[in-house]
Amino acid sequence: MIPEGRKAGSRMVDRVSSILDVAEPLLGVDRGRGERGYIRIQPHGRLFVTRSPADTILYPKGHPRDGQERYLWTPAAGDLELGFLKSETDDA
Amino acid sequence: MAATRANINWAGVTFGSTSISRVTSGVFSQGGKLLTFKGDVDLYNTVVANVTNEPHAAFTTADVGTMMGIAPGTTNTLTATLNDAKGATGGAVVFTLSNAVFETAEAQAHHAQFGSVMGTWQAFSSDGVTNPLAITRV
């Protein structure tokens, strides 16, 4: 999660780039292999960035852990929150 | 060539395995909606809250057959690239609408004019809190 306040630039591609420049190294994105960071605008000024546009913050509807967090969130410098995927065997 | 920081023309519009070409217009929307409140002797809203978001998309193309061939209710991923104005590397923005549900296609044609069709999509969130509309750059 990255605060929207980290966006910089007057054009859309500048603002997208300013977020991906922060997120993609953290996500280990290898653009040479066609990988990308995907930005989702979330409420309360947060940007959810992952390596897949299909990733979700919570377990999806119908999942045995429906509605529970998929990530363990850790605060990081720059008001970032780093999400580490929980193991499927972690306690709910 | 440096990116122009301006965008023009859609490319690579796909809905699942269906490629949509001859695109003349496209829209992706966050679909934000506001709920307002006022009471007592208020003349103006005292609360405005965003409690509903309904991301959606629409594309218009001359390829009437392809768009009309998509059945309403079909769910897949809708992807489109908004190109840099001069085709510079790194200047394009890619929109990905996950869980996009094809709503309808409306075709029209006038005498002595090219026909066109507008397809519309709504999207749902798998978990109810994650925005199905994602943005990245090429």
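Reader: What helices and strands does chain A have?

Author: Chain A has one helix and five strands. Helices (H or I, at least four residues) and strands (E, at least two) are DSSP runs, numbered from the N terminus. This is a predicted model, where local features need pLDDT of at least 70, side-chain atom pairs count only at pLDDT 80 or more, and totals for chains, interfaces and linings use all residues. Residues are numbered from 1 along each chain as its sequence is written, and chains are lettered from A and ligands numbered from 1 in the order in which they are written.

Reader: Which order do the elements of chain A run in?

Author: From the N terminus the order is β-α-β-β-β-β. The C-alpha trace of chain A spans about 45 × 30 × 25 Å along its principal axes.

Reader: Which strands does β2(A) pair with in chain A?

Author: β2(A) pairs with β3(A), antiparallel, over five bridges; two strands pair if DSSP finds at least two bridges between them. I41(A) is opposite L47(A) in β3(A). The hairpin of β2(A) and β3(A) has three residues between the strands, and H44(A) there has a positive phi near 65°.

Reader: And what joins β1(A) to β3(A)?

Author: Two bridges, with the strands antiparallel. P3(A) has R46(A) as its bridge partner in β3(A).

Reader: Why is β3(A) largely enclosed?

Author: Because four of the five residues of β3(A), residues 46-50, are buried. Buried means that 20 or more other C-beta atoms, placed from the backbone, lie within 10 Å of the residue's own. Of the 92 residues of chain A, 24% count as buried.

Reader: Switching topic. Which residues have the most contacts inside the largest nonpolar core?

Author: I19(A), I39(A), V49(A) and L97(B), in a core of 36 residues. A nonpolar core is a set of buried Ala, Val, Leu, Ile, Met, Phe, Trp, Tyr and Cys residues joined through C-beta atoms within 7 Å. Leaving aside neighbours within four places in sequence, the contacts of I19(A) include I39(A), L47(A) and V49(A). Contact means C-beta atoms, placed from the backbone, within 7 Å.

Reader: How many residues does each chain put into the contact between A and B?

Author: Chain B puts in 20 residues and chain A 24. On the chain B side, β10(B) gives the most, with five residues.

Reader: What does β10(B) pair with?

Author: Strand β2(A), residues 38-42, in the antiparallel sense over two bridges. I39(A) has I135(B) as its bridge partner there.

Terms used. Contact = placed C-beta atoms within 7 Å. Buried ≥ 20, exposed ≤ 12 C-beta atoms within 10 Å, placed from the backbone.
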